[in-house]
Structures are given as structure tokens and as C-alpha cells.
Amino acid sequence: GYLRTSSYEFSLIGDSVCDLNIHLTNNAVQKYNEDYGKYELGNQLSFEYLKTLLTDRGKNYEELMNMIKSIVKITALSVRKKLNKQERSYCFEIFGYDFMLDEECRPWLI
């Protein structure tokens, strides 16, 4: 996994409310921004860097990751009976999960 970042600081004030470059960190949107990569290479951070950021702010990285894992588990279990309805052997699907962290570093599933 990795963390996607915006080219601009998040804000709900003024014209920035509707600016996709602030609110959508998807690479398909960010890569056309003139400030793409200004802060991080490819607007992307590693989990190791996130751990450092959280630790520096007095937050618990392991607690955050446990919350994220719990959300993933709950959502996967909620559809488990629909994942392999034909009961095929050696079958799997790959799912991507997107989260946002709020100002208290709580994860929110998007």
C-alpha cells in the first residue's frame, strides 16, 4: 500500500471547496496539476513515512493500522457469501480500499 497526497493543503474555505486538485488525490487527477510532485515524488508516501509522521505527532501508528484492518475485515465479512457464489476452487478477488484520515488521525472508509 501507499498514501496518496494532494498538491495543495486541504481547506473548506473560499474557492478551494470545489477544487478537485485539493480534494481528489487520485493520480489520474493530480498528475495534470502544475504542482504535482512538489512535496512528494508522485504525490505518494510510504507507510514507513506515515509511521514517522504519526509518531512525531504523538499518534499511535499500530492503533491506526488496527482500526483500518478492522474496517477491512468487517466490510469483507459483510459480503463473504457473495464473493464466490459458484464455489470455484482456487478462486480469489483483489479489492482496493481507500481511506481518509481526519484531524484526529481516525480512518474513514471512502
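This is a short talk on the fold of one protein chain and a few of its residues.

Some ground rules. The model is predicted, so local features need pLDDT of at least 70 and side-chain atom pairs count only at pLDDT 80 or more, while totals for chains, interfaces and linings use all residues. Residues are numbered from 1 along each chain as its sequence is written, and side-chain values use heavy atoms, with hydrogens and water left out.

Let's start with the whole chain. It has five helices and four strands. Those are DSSP runs, numbered from the N terminus: helices are H or I with at least four residues, strands are E with at least two. Along the sequence, the pattern reads β-α-α-β-α-α-α-β-β.

How spread out is the chain? The radius of gyration is 17 Å, well over the 13 Å that the globule rule gives for 110 residues, so the chain is more spread out than a compact globule. That radius is taken over C-alpha atoms, and the rule is 2.2 Å times the number of residues to the power 0.38. Along the principal axes, the C-alpha atoms fill a box of roughly 50 × 35 × 25 Å.

Now the surface. The accessible surface of the chain is about 9000 Å², and carbon and sulfur atoms hold 55% of that. The method is Shrake-Rupley with a 1.4 Å probe; for residues, only the protein chains shown count as cover. Of the 110 residues, 20% count as buried. Buried means under 20% relative accessible area, exposed means over 50%, and partly exposed lies in between (1.4 Å probe, protein chains only).

Next, contacts, meaning heavy atoms within 4.5 Å. Take those between residues at least 6 apart in sequence: 42% of them join residues at least 24 apart.

On to a helix pair. Helix H3 covers residues 47-56 and helix H4 covers residues 61-78. They pack at an angle of about 125°, with axes 9 Å apart. Axes are lines fitted to C-alpha atoms, for helices over the stretch in contact, and angles run from 0 to 180 degrees between N-to-C directions. That makes H3 oblique to H4. For the cut-offs: under 35 degrees is roughly parallel, over 145 roughly antiparallel, 65 to 115 roughly perpendicular, and the rest oblique.

Which residues make the contact? From H3 come Phe47, Leu50, Lys51 and Leu54; from H4 come Tyr61, Glu62, Leu64 and Met65. They divide into six nonpolar, no polar and two charged. Here Ala, Val, Leu, Ile, Met, Phe, Trp, Tyr, Cys and Pro count as nonpolar, Asp, Glu, Lys and Arg as charged, and the others, Gly among them, as polar.

Now some single residues. Glu87 has a positive phi of about 50°, although it is not a glycine. Glu87 sits in the loop between helix H5 (80-83) and strand E3 (99-101). At 69% relative accessibility, Glu87 counts as exposed.

Cys105 also is not a glycine, and its phi is positive, about 65°. Its loop runs between E3 and strand E4 (107-109). Is Cys105 buried or exposed? At 16% relative accessibility, Cys105 counts as buried.

Asn27 belongs to helix H2 (residues 27-30). At 25%, Asn27 counts as partly exposed. Leaving aside neighbours within four places in sequence, Asn27 is in contact with Arg4, Tyr36 and Gly42.

Last, Leu12. Its place is the loop between strand E1 (3-4) and helix H1 (20-23). Leu12 is exposed, at 61% relative accessibility.
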